[in-house]
Amino acid sequence: MKKKYEGHGQKIEKALEKIKEEGLVVDAWNTFAPEVEVDRLECIAEREAINPNNDNEMDNVPDFQVNRDSSIAVPAIQAPKLSLDFVRKLYQSLNETQASIFYTVREWCLKRVWGHNPEQFFYFVSGGAGCGKSHVIKCIHEEATKILRQLPRFRDQGDMSTPAVLLTAFTGTAAFNISGKTLHAMLKLPRSLKPPYQGLGNALDEMRAILSNAEILIIDEISMVSKELFAYVHWRFQQIKGNKKPFGGMSVLAVGDFYQLPPLGKAKPLCVYEESCSTFGKTTSKWSI
């Protein structure tokens with residue numbers, strides 16, 4: 001009986017002795033489950049440093065800013081600065097389909113920096129819950145921002161606080177998950193989205209100072225964005241950029257699952273075919289991950 005249930009007893013004892021002599025190997029699990037290691041590093045990167053000498057320190061609660069037009073509180077979130085080692089492992093964890101999206105956007109950014117003036121793109125990334133859409137968004141945001149910062153206008157101004165890639169979503173929860181902002185908060189959208197279009201008025205100069213250098217707009221949970229809201233985003237960027245191209249010349253990456261979360265209330269969904277509606281631009285692609 002002892003031989004049956006303690007067949008590996010000596011091996012276990014040797015392993016325990018080795019641990020006592022050499023200590024635990026912290027990253028050993030990375031060999032067996034690299035995806036879990038990536039998630040662990042992501043949590044560490046986003047976690048605030050803990051001060052062990054301050055037992056009465058209060059929990060870090062995100063600041064909230066009030067959109068005075070809609071009286072809705074939305075989280076004011078800044079994307080965390082990720083280490084190079086973490087970003088490298090983040091890229092390496094992409095599967096084949098996710099990598100194809102990532103490198104397509106990356107190539108567009110490089111052409112933009114090299115002065116080839118690539119046509120603005122309109123990409124749609126779809127997939128069910130848990131397939132890694134947010135993971136792809138973070139990778140694209142990090143890489144595209146790094147490349148587009150090399151554009152002459154960023155170097156000339158010397159101001160790296162203005163974003164090159166905009167992270168947005170319809171709800172505050174979805175925006176929080178990607179360290180972004182809601183569309184309403186970022187673009188100062190009115191509560192009522194019915195025509196006629198309501199311009200920015202006195203806030204136009206302020207919005208241009210913040211968003212004029214942006215090149216790519218990422219919208220998460222696109223299924224919750226109604227036709228009216230999508231049209232308003234299009235008009236708003238035309239006004240901010242002073243450009244009559246779709247979305248003022250901004251490239252758009254829409255991410256979400258139309259089988260998952262519909263728009264709120266009685267708003268018409270975005271994925272409705274109408275003969276009067278035309279596709280924005282020619283560079284339109286779709287990925288399912």
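Colleague: Which residues of β4 sit on one side, which on the other, and are they buried or exposed?

Modeller: Bear in mind that this is a predicted model. V165, L167 and A169 are on one side of β4, L166 and T168 are on the other, and all of them are buried.

Colleague: What makes a residue "buried"?

Modeller: Its relative accessible area has to be under 20%. Five of the five residues of β4 (residues 165-169) pass that test, so the strand is largely enclosed by the rest of the structure.

Colleague: How do you know which strands β4 pairs with?

Modeller: You look for bridges, and at least two are needed for a pair. Between β4 and β6 there are five bridges, in the parallel sense. Two bridges join β4 to β5 (residues 181-182), also parallel. Because the cut-off is at least two bridges, β4 pairs with β6 and with β5.

Colleague: Which residues face each other in those pairs?

Modeller: V165 has I216 of β6 as its bridge partner, and L166 has L217. Towards β5, A169 stands opposite T182. The chain gets from β4 to β5 through helix α9 (residues 172-177), in a β-α-β crossover.

Colleague: Why is that crossover called right-handed?

Modeller: Point the strands away from you and follow the path from the first strand over the helix to the second: if it runs clockwise, the crossover is right-handed. The crossover through α9 is right-handed.

Colleague: What makes you say that β6 is mostly covered?

Modeller: Five of the five residues of β6 (residues 216-220) are buried. I216, I218 and D220 point one way, L217 and I219 point the other way, and all are buried.

Colleague: Which strand does β6 pair with through four bridges?

Modeller: That's β7 (residues 251-256), and the two run parallel. L217 stands opposite V252 there. From β6 the chain passes through helix α12 (residues 227-241) to reach β7, and this β-α-β crossover is right-handed.

Colleague: Now the rings. How many aromatic pairs are there in the whole structure?

Modeller: A search finds 10 aromatic pairs. One of them is F122 with F247, at 6.1 Å centre to centre and 45° between the planes.

Colleague: Why do F122 and F247 count as a pair, and why is the pair called tilted?

Modeller: The centres must lie within 6.5 Å, and 6.1 Å does, so the rings pair.

Colleague: What does the pair of F122 and F247 tie together?

Modeller: F122 is in strand β3 (residues 122-126) and F247 is in the loop between α12 and β7, so the pair ties together parts that are 125 residues apart in sequence. F122 has 9% relative accessibility, which is under 20%, so F122 is buried. F247, at 1%, is buried as well.

Colleague: What makes N117 exposed, then?

Modeller: N117 has 59% relative accessibility, which is over 50%, so it counts as exposed. N117 is in the loop between α6 (96-113) and β3. N117 also has a positive phi of about 50°, although it is not a glycine.

Colleague: Which other residue has a phi near 50° without being glycine?

Modeller: K188 does. K188 is in the loop between α10 and α11, and its relative accessible area is 29%, so K188 is partly exposed.

How values were computed: Residues numbered from 1 in each chain as written. Predicted model: local features only at pLDDT ≥ 70, side-chain atom pairs only at ≥ 80, totals over all residues. Heavy atoms only, no water. Buried < 20%, exposed > 50% of the residue type's maximum accessible area, 1.4 Å probe, protein only. Phe/Tyr/Trp six-rings, centres within 6.5 Å; stacked < 30°, edge-to-face > 60°.
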